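Please look through the structure below alongside its sequence.

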Amino acid sequence: KQFAVEVILVIPCSEYPMQMLPASCTSCCEGFGDAEKARPYTSLKETEPAEDKSRSCLKKCLRICLCMGCCVGVTAVVLYFVAMAVIGDTSSLYEVGAPLPTETCIDQDSSLLCSVKSYLGECSNPETPCKLACSLCKPYDAGVFYPKAVPLDDIEEHMAFAKDGSSIPEGLHGIWWMDQGGFTLPLLDDPSYKFDFNMTAETLISFGDQETVFQQDTNCVTPVPFYSGKKGHLAFMNNKFGLLQWSNFVETRMAIHFCFTNDSQTEIHLWQSVKDVGGMTGATKKLLGYSDAGPGYLYTPKWLIHMTMIKKPWGWDRVTTAMTENIRKIMSKDNIEWLKQTLPETDLNIMLEDAQTTLNREYHYPVVQIVDGNGTRTKFFAAYKKYLKKTKPLTPGTQLVAMRA
């Protein structure tokens, strides 16, 4: 017998003497000596020898494993080609021009803390974010972070900005206002500038903190953590919106890396790195276009969000697009209209329309210099102060600067 056979029999117990019933049936009929009271259903199960059963079980397991492996393989291939068709080829988007991960150890732990780390086994991990993590060195992202309220009137005293003579390219010297509300418009040097952005709580950015360097090999100013700085290089509104946005950056450990894409340094590609929270395999990450940004971090794929800066006479034009050209074609107006007609009148129609608007929208906002590389205030400083006073700060006349203790 190669396999176990289970047969359900309808047998009145009274038709067979108890001693003639198979052993597996006797338990059904015990205690029912009276034929009329006997249970009418029983089960007869003929089993194979133990050694045959184990061999059969192994064969079944092998078949199941083989089948599952085939299914997973086929599914992976199908998903790959679907992704290529919808997203497009992601391999060329992030393999060239990536900033090199930098050593982010800028301060030291006490010898006692290092001993504790060694005892807990932290030094056994070869991919620790800081290669000196157990040599009296603490990784930058393991610090203590907090928002500091600073006065608007002397912001240049509270932010680390690149000065003349710095290794940071001249186009990023000074302190810059990210005018996401369009308060500098119309720009006298560019009256036809097309502003289009949804304002956030970010206000100022600079590039002079000690953790930020210029990599000549990659032409990148990197990293620029958006959650903290030793002296401070990123500012937010001092209200609930600013606190919320800053806390989100702390949670994801988001940093931006500013990489010039031409020799004249008039175009910048912004790489966004975030902490890898896990949950995706390496193959899935590669398929979706995520790339390594150093131990424990990933670069957000360009098909998902693509950020650039274009040099203008008045400063920089910050441009953002979402999704690839392939996805935009799929989400074209004609395709969305056809899809809406095939669906019942629901909120899904509204969501599709919103998605189509978002994916085919190119976002722009001006980034203007309020303090130059010499520490001199520019013509935009007065507009910046006027704007910040309208944000209803928790402490009048202040904004928040992201700090690391």
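The model shown here is predicted. Start at Gly 181, which is found in the loop between strand E6 (175-178) and strand E7 (202-206). Gly 181 has a relative accessibility of 29% and counts as partly exposed, because buried means under 20% and exposed means over 50%. Leaving aside residues up to four places away in sequence, Gly 181 touches Phe 195 and Met 199. Thr 200 is 19 residues from Gly 181 in sequence, and the C-alpha atoms of the two are 8.3 Å apart in space.

E6 pairs with E17 in the antiparallel sense, over four bridges. Within E17, Val 368 is the bridge partner of Trp 177. Strand E16 (residues 315-322) also runs antiparallel to E17, and five bridges join them. Here Val 319 stands opposite His 364 in E17. How many residues of strand E17 (residues 363-371) are buried? Nine of its nine residues are, and the strand is described as mostly covered.

Another strand to find is E12 (residues 267-275), where His 269 has its place. His 269 has a relative accessible area of 9%, so it is buried. The side chain of His 269 makes a polar contact with the side chain of Trp 271, at 3.3 Å.

Now turn to the aromatic rings. A pair of aromatic rings is described by the distance of the centres and the angle of the planes. The structure holds 14 aromatic pairs. In one of them, the ring centres of Phe 226 and Phe 249 are 5.7 Å apart and the planes stand at 80 degrees, so this pair is edge-to-face. The pair links distant parts of the chain, 23 residues apart: Phe 226 is in the loop between strand E9 (220-225) and strand E10 (234-237), and Phe 249 is in helix H4 (residues 240-252). Both Phe 226 and Phe 249 are buried.

Phe 249 also forms an aromatic pair with Phe 236, with 6.0 Å from centre to centre and 50 degrees between the planes, which makes this pair tilted. Phe 236 lies in strand E10, 13 residues from Phe 249 in helix H4. Phe 236 has a relative accessible area of 1%, so it is buried.

Elsewhere, Trp 177, Phe 183, Phe 381, Tyr 384 and Tyr 387 form one aromatic cluster. Charged side chains meet rings too: Lys 163 lies over the face of Phe 161, at 5.4 Å from the ring centre, and Arg 253 lies over the face of Tyr 227, at 5.7 Å from the ring centre.

Definitions and conventions. Residues numbered from 1 in each chain as written. Predicted model: local features only at pLDDT ≥ 70, side-chain atom pairs only at ≥ 80, totals over all residues. Heavy atoms only, no water. Helix = DSSP H or I, 4+ residues; strand = E, 2+ residues; numbered from the N terminus. Buried < 20%, exposed > 50% of the residue type's maximum accessible area, 1.4 Å probe, protein only. Contact = heavy atoms within 4.5 Å. Pairing = 2+ DSSP bridges. Polar contact = N/O pair within 3.5 Å; in protein donor to acceptor, adjacent residues only side chain to side chain. Phe/Tyr/Trp six-rings, centres within 6.5 Å; stacked < 30°, edge-to-face > 60°. Lys NZ or Arg CZ within 6 Å of the ring centre and 35° of its normal.
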